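Colleague: Before we look at the model together, could you take me through how its helix packing and strand pairing should be read?

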Amino acid sequence: MIAAIIVPIVAVVVIIIIILIAGVSIYNGIVTLRNRIDNAWSQIDVQLRKRYDLIPNLVETVKGYAAHERETLEKVIQARTMGMDAKTVGDQSRAENMITSTLKSLFAVAEQYPNLKADQHFMKLMEELNGIESNIAYARQFYNDSVLQYNTRIQTFPGNIFAGWYKFTTREYFEIAEPEARGPVKVQF
Amino acid sequence: MYNRIASNRRRTVFIIFLFIVFIAALGFAVGYFIDYRYGINSGYSILLMVFALLIAVIMSFSSYYWSDKLVLSLTGAVPMTREENPREYYMVEGLSIAAGLPMPKIYILEEQGMNAFATGRNPQNSVIALTRGIMHNLDDDELKGVIAHELSHIKNHDILLQTIIVVLVGMVTIISNIFLRSMFFSGGRRSSRRESGSGGLISIVFLAIGLVLILLSPLIALLIRFAVSRQREYLADANGALITRYPAGLANALRKMSAFSEVRAANNATEHIFIVSPFGKNSKVAFSGLFNSHPPIRERIRRLEEMSLGIGLKSESVINEEIKDGV
């Protein structure tokens, strides 16, 4: 008689406990992934800041040899300011892609000045910038992997239910947006 | 990933537990025989067991904290700086960013053979060691593949288990040597003083224990194989390829390494931490096929080549050429 009441109650309690434990672990899993994105972002940030610190130095060095390449130099400075002011991931990635491309044209300009190219200080800056550039690429890879995992988790079952309850929103990728790499290849004859 | 880490933690605890039980049992056995010989209820068995237990616990704790340093000094690895080797330094820095790990310390082994290993107790306290030969003979993509392989061992927390096993296996080997040698020494003395019966019996007991330990060593080798299963080498290869996004790099690297991977400073206790067997083709270990800690390198290369879809694989002649000349 008593067993007939107790058994279903125990069964219900056990099921509730299992659901609670599953819920907690799903929730914690999502938060862990979200924190990993923040950590990945800070890794990118460290590398970007290193690059911001180098740029004024680089511009000064180039000025010493090629002062009249004002336009190119100003573009680099402009892109740097844009990067430092960026608020969202999208703005940041656009600004960083601009810095990369302006630096490229700066190096192309430097090609025309043999004295500059031979400058020890300039060579060292180039080397450091190349190292930072590849670190940015690696950091971006880790960041985008983390975003992919997190976005997939909160868009698929059962994560999507929790995303609705606790307002988990999808995060933005840090994109490589070099226009020439993106668009269809134009062929001119 | 999380399951790998949890399983490694379980295995580490299990191995340490086994080690402590083993040493304590040894202490008890020695004490028991001494008790038996003198026939008095002197309690040597309990005393020696407690003593051995204490030593085993202290050893286990210290191997948790210091085994990585022991491994580094066993293999003769020395720290490497950014100024001396910028190429390797920036590679490790970049790849650890890509793997989402703190940057490990980098050590160098002055060996001509191409090999590498990782050690440490967690990602915050980890080390990657490269031989001079591997730095000299591998191009950038190949070396990145090797470093990424080691980084995924660090990420999966394989390193603690592998490193602790070095110490514990080494310890068992040393103990079995002590028992065997003590038998030889006391055996020599016995022949001069034939009448001293007690010394004779003890040396026989020690010989017996030594022999049992020797007989146990295949079992210990089996234990190593269980703990550092071949599966985790395949897994580290795959995860490494995921970090570099270039499986052909590691595939080409393994092909080069299979030509010459000998590390003179390696021994039975440290063999399993290396990326490829440090004994090369002429293995020193008996039953090497049975107790190999590494999966066959051909199979690892085949799996990576499959992953690469044929992109970036080097031809046999290019590989041979580059080993001869260096990169």
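Modeller: Let us start with contact: two residues are in contact if their C-beta atoms, placed from the backbone, lie within 7 Å. Helices (H or I, at least four residues) and strands (E, at least two) are DSSP runs, numbered from the N terminus. This is a predicted model, in which local features need pLDDT of at least 70 and side-chain atom pairs count only at pLDDT 80 or more, whereas totals for chains, interfaces and linings use all residues. Residues are numbered from 1 along each chain as its sequence is written, and chains are lettered from A and ligands numbered from 1 in the order in which they are written.

Colleague: Which residues of H8(B) and H9(B) meet?

Modeller: Two packed helices are described by the angle between their axes and the distance between the axes. Here Asp237(B), Gly240(B), Ala241(B) and Thr244(B) of H8(B) meet Pro247(B), Gly249(B) and Leu250(B) of H9(B).

Colleague: How do strands E1 (residues 78-79) and E2 of chain B pair?

Modeller: Two strands pair if DSSP finds at least two bridges between them. E1(B) and E2(B) pair in the antiparallel sense over two bridges, with Val78(B) opposite Ile108(B) of E2(B). E2(B) is also joined by five bridges to E4(B) (residues 125-131), and these two run parallel; there, Leu109(B) has Thr131(B) of E4(B) as its bridge partner.

Colleague: What does chain A bring to the contact with chain B?

Modeller: Chain A gives nine residues and chain B seven residues. On the side of chain A that touches chain B, the largest share, seven residues, comes from H5(A).
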